[in-house]
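User: I would like to go through this structure with you, one topic at a time. Could you keep the answers plain?

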Amino acid sequence: MKILVCITNVPDTTAKIAFTDNDTKLNKNGIQYIIGPYDDYALARGVEIREQSGGTLTVLHVGGAEADPQIRKALAIGADDAIRVNAEPLDSYFTALQIAHIAKQNNYDLILMGRESIDYNSGVVHGLVGEMLGIPSYSPVMKLDLDGNNATITREIDGGNEILKVSLPLVLGCQEPIAEWKIPNMRGIMTARTKPLNVVESVGSEVLTTPEKYTLPAPKGACKMIPASEAETLIRLLQTEAKVL
């Protein structure tokens with residue numbers, strides 16, 4: 001079994017976000033980066049499958065050298081080796097193109113990634129990769145079981161869950177509760193230093209989307225406290241101000 005897990009390098013969820021260059025670029029000064037939380041689920045399930053079925057698990061990231069600490073963390077968690085495409089992930093199409101190029105070279109049986117990154121939240125890279133490779137892609141996947149060359153997956157759909165039986169190879173976008181996050185132990189941290197991290201250059205240069213401007217969410221408004229005895233007032237405000245009824 002050859003498994004590829006794609007990870008993103010994203011700002012910590014507690015980071016204070018600001019923009020620069022007339023609000024066209026993220027101000028990266030002082031921001032702590034982490035592996036994308038959804039990618040952590042994909043990585044954890046990938047490690048479990050590799051431990052159960054044997055084979056290899058490769059981690060792939062599209063980005064600069066600033067992501068190397070997160071890649072090393074993925075190696076410490078259990079990946080066997082890593083590949084970093086040395087290019088700025090300019091948009092979803094460009095990122096998917098890099099992943100598909102690596103996948104074509106190595107013929108992976110299973111490609112796992114998070115359902116979406118938590119910075120841009122596009123949630124389309126897995127679908128683009130599947131299309132580029134000509135193999136099925138599914139998301140968001142909450143459960144994955146393998147039996148030889150066949151997989152049983154449970155994914156979330158509107159109004160419930162869907163259980164599918166499909167054949168490998170596959171591209172899957174993962175979310176909880178597919179696995180529990182894994183924390184690297186001391187042995188994993190030490191061995192990660194000697195595991196190969198191969199840096200390769202990107203292919204193609206076509207970028208289909210370019211951000212014009214970023215804006216922060218509107219600040220939260222003042223909270224109105226309505227006494228429990230004034231239910232009619234609460235209903236009126238929900239209708240006229242909050243507009244949720």
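User: Is Arg45 buried or exposed?
Analyst: Arg45 is buried, with a relative accessible area of 7%. Buried means under 20% relative accessible area, exposed over 50%, and partly exposed in between, using a 1.4 Å probe and protein chains only. This is a predicted model, in which local features need pLDDT of at least 70 and side-chain atom pairs count only at pLDDT 80 or more, while totals for chains, interfaces and linings use all residues. Residues are numbered from 1 along each chain as its sequence is written, and side-chain values use heavy atoms, with hydrogens and water left out.

User: Where does Arg45 sit, and what does its side chain reach?
Analyst: Arg45 lies in helix 1. Its side chain reaches the backbone oxygen of Leu144 at 2.7 Å. Leaving aside neighbours within four places in sequence, Arg45 is in contact (heavy atoms within 4.5 Å) with Gln52, Leu144, Asp145, Ile178 and Ala179.

User: How are helices and strands decided?
Analyst: They are DSSP runs, numbered from the N terminus: helices are H or I with at least four residues, and strands are E with at least two.

User: Now the sheet. How many strands form it, and in what order?
Analyst: 9 strands form an open sheet in the order 11-10-9-12-8-1-6-7-13, with mixed pairing. Two strands pair if DSSP finds at least two bridges between them.

User: Which strands stand at the edges?
Analyst: Strand 11 (160-167) and strand 13 do; each has a single partner strand, so one side of each is left without a neighbour in the sheet.

User: What about strand 8 and strand 12, in which sense do they pair?
Analyst: Strand 8 and strand 12 (residues 170-174) pair in the parallel sense over 5 bridges. Ile111 stands opposite Val171 in strand 12.

User: What does helix 4 touch on the sheet?
Analyst: Helix 4 packs on the sheet and touches strand 8, strand 9 and strand 12. Its direction makes about 160 degrees with that of strand 8; axes are lines fitted to C-alpha atoms, for helices over the stretch in contact, and angles run from 0 to 180 degrees between N-to-C directions.

User: Changing topic: how many residues has helix 3?
Analyst: Helix 3 (residues 92-106) has 15 residues. From first C-alpha to last it reaches 21 Å, close to the 21 Å expected at 1.5 Å a residue, where the expected span is 1.5 Å times one less than the number of residues.

User: And what comes just after helix 3?
Analyst: Asn107 follows, taking a positive phi of about 50 degrees.

Definitions and conventions: A polar contact is a pair of N or O atoms within 3.5 Å; within protein, one must be able to donate a hydrogen and the other to accept it, and residues adjacent in sequence count only if both atoms are side-chain atoms.
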